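Me: Can you take me through this one? I'd like to hear what stands behind each label you use.

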Amino acid sequence: MRAIVITKPGGPDVLAVVDRPTPEPARGEVRVRVRATAVNRADLLQRMGAYPAPAGEPVDIPGLEVAGEVDALGPDATRFAIGDRVMGLVGGGGYAEAIVSHERALARIPEGMTFEDAAAIPEAFVTAHDAMRQADVRGGETLLVHAVGSGVGTAACQLGRAFGLRVLGTARTPDKLARARDLGLDVGIVPDGGKFADLVKRTDPDGVHAILELVGGGYVDEDLRCVQLLGRIVLVGLMAGVRAELDLGLLLRRRARVFGTVLRARPLEEKIAAMRAFETSVVPLFARGLVRPVVDVVLPLAEAAQAHARMASNVGFGKIVLRT
Ligand SMILES: NC(=O)c1ccc[n+]([C@@H]2O[C@H](COP(=O)([O-])OP(=O)(O)OC[C@H]3O[C@@H](n4cnc5c(N)ncnc54)[C@H](OP(=O)(O)O)[C@@H]3O)[C@@H](O)[C@H]2O)c1
C-alpha cells in the first residue's frame, strides 16, 4: 500500500510517499481500504517530533481518521461485511491506502455521503460531541465555542444548534464568523488582542453556561471572566500555548469547573464508547440534514505537505481532506 511517512522531525517537506506492507486484521478487527483521510493539528505536532504516536500505532504514518470500505475481516469480526462503507477514529496510520481498526471503533457512513465528506467527520464531530457531553450541556443553555471556524469548531457549532443551545463563537477572522452563521452561530466575536469576556457580556450579561476551549493559553482566564455560576470550561486544544495565569478567585466564586480532554491517547474501550455515543446521537443528524461535514479543501494524499502547510497558515474553514 502507499502511505505518507514522516521521514524525520521537521516542516511539511519531511513528509514522503512510500510503499508499506498492507496490514492484516487481528481478532475483532477489520481492514479498511482507505478512500479519504483528514488532517489534524496533532498530525502537525507529530511531524515536528512533538507528539509521538501512542504505543501500538504506526510510529511514522500520521492520520487519526479515515473513511473507506471494509476489505478484509479478522477472526470474530462480525459487525461489517466486505464492501461496507465505514468511517472512524484511528490512533495513527490514517495517511495510507489501508488500515486496520477494531470493528467497534468504526461507524457506517450515512447513505449517499461521499468518502471525502465522511473523512471530514470523525475527529471534528466525535471530539465536539464528546466534549459537550462531558460539559453536560443541555438544550436552552449557552455554549461559547472558540476557533469556531476550525474543524472541531464548525462541528460544535452545528451540534449546539441541533441540541437546542444558543451558540456564541470566536475567530480572529471576521469572514469565518460570517460563514459560521450558516452553521448555527448566534453571536460571533473577534477577540480584541486575545480579550473577549467583555464582548461576550455585551450580549449575554450573565455569561455563558459552557465553553469549548479549543485555543488554550490566555483564553482560559478570559473564559473564567465570562462563564456563569456553575459553568463548565472544557479544554480541548492548546493552539495559543500550554501556560495561563488564572484568577483563582473567579474560579472559586463562580464554582466553575475547568477540565481537559483528549481522544487520541485514550484506551481503545474509551474510544469505542465515544464512537458508540456519536453513532447513536450524531450520525442520525446527518441523514436528517441537521448537521453536515464542513470541508475546506480536498487534496490528493501525495499532497499531504501542502495540506499541512495550509492548516498551519490558519486560512482554512472546516476540514482539510486527503483523497487516497
Ligand atoms: N483534545 C482532543 O481530543 C482534540 C481533538 C481534535 C482537535 N483538538 C484540538 O482542537 C483544536 C482545533 O483543532 P482543528 O483541527 O479543528 O483546528 P483547525 O481546523 O486547524 O482550525 C484551527 C483554527 O484555530 C484558530 N487559531 C489558530 N491558532 C490560534 C491562536 N493562537 N489563537 C486563536 N486562534 C487560533 C485559527 O482560526 P483564526 O485564525 O480564524 O482564528 C485556525 O483556523 C486544536 O487545538 C486541536 O489540537 C483536540
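Predicted model: local features only at pLDDT ≥ 70, side-chain atom pairs only at ≥ 80, totals over all residues.

Me: What separates the centres of the two domains, and what makes up the contact?
Reply: The contact takes 17 residues from domain 1 and 16 residues from domain 2, where two residues are in contact if their C-beta atoms, placed from the backbone, lie within 7 Å. On the domain 1 side, H9 brings the largest share, five residues. Helices here are DSSP runs (H or I, at least four residues), numbered from the N terminus.

Me: What classes of residue does domain 1 put on that side?
Reply: There are 13 nonpolar, two polar and two charged residues. Ala, Val, Leu, Ile, Met, Phe, Trp, Tyr, Cys and Pro count as nonpolar, Asp, Glu, Lys and Arg as charged, and the others, Gly among them, as polar.

Me: Why is H3 called roughly perpendicular to H9?
Reply: H3 and H9 (residues 268–281) pack at about 95°, with their axes 10 Å apart. Axes are lines fitted to C-alpha atoms, for helices over the stretch in contact, and angles run from 0 to 180 degrees between N-to-C directions. Angles of 65 to 115 degrees count as roughly perpendicular, so H3 is roughly perpendicular to H9. The residues making the contact include Phe125 and Val126 of H3, and Ala274 and Met275 of H9.

Me: Is Met275 buried or exposed, and how do you know?
Reply: Met275 has 23 other C-beta atoms within 10 Å, so Met275 is buried; the cut-off is 20 or more, with C-beta atoms placed from the backbone. Met275 lies in helix H9. Leaving aside neighbours within four places in sequence, Met275 is in contact with Gly88, Leu89, Ala105, Ala107 and Val126.

Me: What makes up the shell around the ligand?
Reply: 27 residues surround the ligand, and among the closest are Ala147, Ser150 and Arg172. Domain 1 and domain 2 each give at least three residues to the shell.

Conventions. Residues numbered from 1 in each chain as written. Near = placed C-beta within 6 Å. Domains from an automatic or database assignment. Helix = DSSP H or I, 4+ residues; strand = E, 2+ residues; numbered from the N terminus. Parallel < 35°, antiparallel > 145°, perpendicular 65-115°, else oblique. Buried ≥ 20, exposed ≤ 12 C-beta atoms within 10 Å, placed from the backbone.
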